[in-house]
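Dear colleague,

I am passing on the structure we spoke about, and it is shown just below. My notes on what was found in it follow after that.

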Amino acid sequence: MRLSRIIMALTVGLAVVAVPTAAGAAQPQPQPTTTDTPQPPPYVPAPPSLTVNRPTIFLGQTVVLTGTGFGRHETVDIVVSVTPLAAPAAGQAPARRSDGSTVAMAPVAYQASAPLSFTAYTNGQGRFTKSYKPSVTGLLTFTATGRESDRSANTELRVLHKKQPLPVTGDSIGTPMKLGGGLVGAGAVMLLLTLAWRRRQRFGGAAH
């Protein structure tokens, strides 16, 4: 009798221990998540910049503006401010009179109302190119601003008057004329000497 009670107690104890284990095994286990395709890294543009292909041009020529670091596929507003040139550009000599003295250059007046404005459109990398043909002379400052990204950059362009032929002054005409007159006079003297020599040879031969 005592032995049967011990066996029954052990059986009940094992049953109590097995119930939580079976319940835990019956619960669904979390499945690992998988992604079908790797996600691209977020677009982080470089700092915006704006450049021109030539820093100095003559009126009537065209430049190419290049912008980088703006938002993807956005409209970029470009504003042009014009500052008159009050002095000759670097590397250019000041105007001179015929006597060699220099002439001070007065500030150039505006040839059109400023600022001017136009737009450009970026590609998927936030880059754009735009051709521009200035209609004014002076120091032009381009400021580009993205409408959505609010990113902004600027650059400068110097526009000069077209090259003009040097004016012909009285002094420049007088020097060639003096030189030409001297050559003509020397030629006349040589012609007279030649004629005199020939005449002397002719009459000298007849006397012998």
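A word on terms before the findings: a contact means heavy atoms within 4.5 Å. Please keep in mind that this is a predicted model, in which local features need a pLDDT of at least 70 and side-chain atom pairs count only at pLDDT 80 or more, while totals for chains, interfaces and linings use all residues. Residues are numbered from 1 along each chain as its sequence is written, and side-chain values use heavy atoms, with hydrogens and water left out.

On confidence, where pLDDT is the predictor's confidence in each residue, from 0 to 100, the protein averages 74, and 50% of the residues score at least 70. Helices (H or I, at least four residues) and strands (E, at least two) are DSSP runs, numbered from the N terminus; by that numbering, confidence is lowest in helix α1 (residues 2-26), with a mean of 58, and highest in strand β1 (residues 49-52), at 97. Over residues 101-110 the pLDDT is below 50, although this stretch has 21 contacts in the model beyond near neighbours in sequence. Where pLDDT is low, the predicted coordinates should not be read in detail.

Turning to the sheets, two strands are taken to pair if DSSP finds at least two bridges between them.

Five bridges hold the antiparallel pair β3 and β6, and Val 64 stands opposite Ser 131 in β6.

Some individual residues also deserve a look, and for these buried means under 20% relative accessible area, exposed over 50%, and partly exposed in between (1.4 Å probe, protein chains only). Thr 75, in strand β4, counts as buried because its relative accessible area is 14%. Leaving aside residues up to four places away in sequence, Thr 75 touches Thr 119, Ala 120, Tyr 121, Thr 145, Gly 146, Arg 147 and Glu 148.

His 73 has a positive phi of about 50 degrees although it is not a glycine, and it is found in the loop between β3 (63-68) and β4 (75-83); with 62% relative accessibility, His 73 counts as exposed. Asp 150, likewise not a glycine, has a positive phi of about 60 degrees and lies in the loop between β7 (138-146) and β8 (152-160). These two strands form a hairpin with five residues between them, and Asp 150 is in the turn. Asp 150 is exposed, with a relative accessible area of 59%.

With best wishes
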